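Welcome! Please take a moment to look over the chain below, and then we will walk through it together, one region at a time.

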Amino acid sequence: MFTHKILTTAGGLAVLGLFGLFAGDSVAEDASAADYSAMTPQELADHLIIEKAGFRLNEKAQEGGTTQDRLTQDGIQKACSALGKRSIDSTTASKVTSIARESIKLPEGGIKLGDWSKGEAVARSGYGFRIGHRNDNHSKRNPGGNCYACHALAPDEFTYGTLGPSLTGYGKQRGNSDAILKYTYEVIYNAHTYFPCTAMPRFGHNGVLTQQQISDVMAYLLDPKSPVNK
């Protein structure tokens with residue numbers, strides 16, 4: 001989830017729900033002093049979060065640091081944010097791809113498929129990295145990948161998002177050669193390697209998923225026994 005760090009609150013009001021740290025009193029006091037109707041959604045979000053300190057930006061985050069740290073962009077985010085509403089150009093694409101490729105860390109024992117049933121659980125779980133009144137406790141439950149939020153996977157699952165492409169039949173269509181394993185691992189680890197400025201979270205690079213969890217998700221995508229390939 002913290003892949004989409006933002007310096008300004010380009011995510012607008014969606015960020016309010018993400019953190020759940022809205023300090024209602026201070027904002028309510030400001031309501032009479034500011035003309036919210038004259039602001040764009042981004043200006044309003046910046047005003048509430050940054051100028052009025054409407055969130056507890058010092059809240060501790062599971063990965064270390066604070067909520068404020070999540071708002072600091074890294075190199076890829078700065079390059080992609082600089083595009084604004086423009087389509088990505090070749091210079092930016094090359095820069096982002098290069099940064100992403102340097103971030104890839106392959107498993108010491110090589111890229112292998114894990115347990116598809118465990119990968120299914122990871123794909124279905126949206127738990128992890130949420131902070132607010134009840135922070136997700138990673139010592140009691142591992143974070144998930146929330147893959148169904150953006151992708152169709154198993155054909156018997158009717159609830160899924162469409163932000164990303166359908167992955168139904170992923171392994172059946174591609175096989176599981178070494179090249180496909182490496183490609184799939186790298187896309188999950190840091191998708192900017194192949195799709196610069198993508199909205200897909202950088203699960204490996206940002207430590208959202210462990211290498212074992214990535215292997216399990218890969219098995220869910222590629223194992224012929226997985227429901228994704230039935």
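## Two loop residues with positive phi

Phenylalanine 129 is found in the loop between α7 and α8. This is a predicted model, and in it the phi of phenylalanine 129 is near 70 degrees, a positive value in a residue other than glycine. Most residues other than glycine have a negative phi. Is phenylalanine 129 buried or exposed? Its relative accessibility is 6%, so phenylalanine 129 counts as buried.

Cysteine 197 also deserves a look. This residue sits in the loop between α9 and α10, and its phi is positive, at about 65 degrees, although cysteine 197 is not a glycine. With a relative accessibility of 25%, cysteine 197 counts as partly exposed, because buried means under 20% and exposed means over 50%.

## The chain as a whole

The chain has 230 residues, and 43% of them are buried. Now take the contacts in the chain with a separation of 6 or more: residues 24 or more positions apart account for 64% of these.

Nonpolar side chains tend to be buried together in soluble globular proteins. Here, the largest nonpolar core has 26 residues, and Leu153, Met218 and Leu221 touch the most other members. At least two residues of this core come from each of α7, α9 and α10, with α10 supplying the largest share, six residues. Another core lies apart from it and has five residues, including Ile76, Ala79, Cys80 and Val96.

Not counting residues up to four places away in sequence, leucine 153 touches Ala123, Cys147, Tyr148, Leu167, Thr168, Tyr220, Leu221 and Val228.

## Helix α9

The helix α9 covers residues 178-189. At 1.5 Å a residue, its twelve residues should span 16 Å, and the end C-alpha atoms are 16 Å apart, so the two values agree.

Which residues of α9 are buried? They are Ile180, Leu181, Thr184, Tyr185, Glu186, Val187, Ile188 and Tyr189. Among the elements that cover these buried residues are α6, α8 and α10.

## Lysine 105, out in a loop

The loop between α6 and α7 holds lysine 105. Its relative accessibility is 56%, and lysine 105 therefore counts as exposed.

Even so, lysine 105 has partners elsewhere in the chain. Leaving aside neighbours within four places in sequence, lysine 105 is in contact with Tyr185, Tyr189 and Gln211. Tyr185 and Tyr189 are among the buried residues of α9. Lysine 105 and asparagine 190 are 85 residues apart along the chain, while their C-alpha atoms are separated by 9.8 Å.

## The second largest pocket

The last stop is a pocket. The second largest pocket has a volume of about 190 Å³. Its lining is made up of 13 residues, and Val122, Asn142, Pro143, Thr210 and Gln213 lie nearest the centre.

Which element gives the most to the lining of the second largest pocket? That is α7, with three residues. By type, the lining residues divide into five nonpolar, six polar and two charged.

Methods:
Residues numbered from 1 in each chain as written. Predicted model: local features only at pLDDT ≥ 70, side-chain atom pairs only at ≥ 80, totals over all residues. Heavy atoms only, no water. 1 Å grid on protein atoms, 1.4 Å probe; cavity = no way out; pocket = protein on both sides within 12 Å on 5 of 7 lines; lining within 4 Å. Points joined across faces, edges and corners; volume = space filled by probe spheres on them. Helix = DSSP H or I, 4+ residues; strand = E, 2+ residues; numbered from the N terminus. Nonpolar A, V, L, I, M, F, W, Y, C, P; charged D, E, K, R; others polar. Buried < 20%, exposed > 50% of the residue type's maximum accessible area, 1.4 Å probe, protein only. Contact = heavy atoms within 4.5 Å. Core = buried A, V, L, I, M, F, W, Y, C linked by side-chain atoms within 4.5 Å. Expected span 1.5 Å × (residues − 1).
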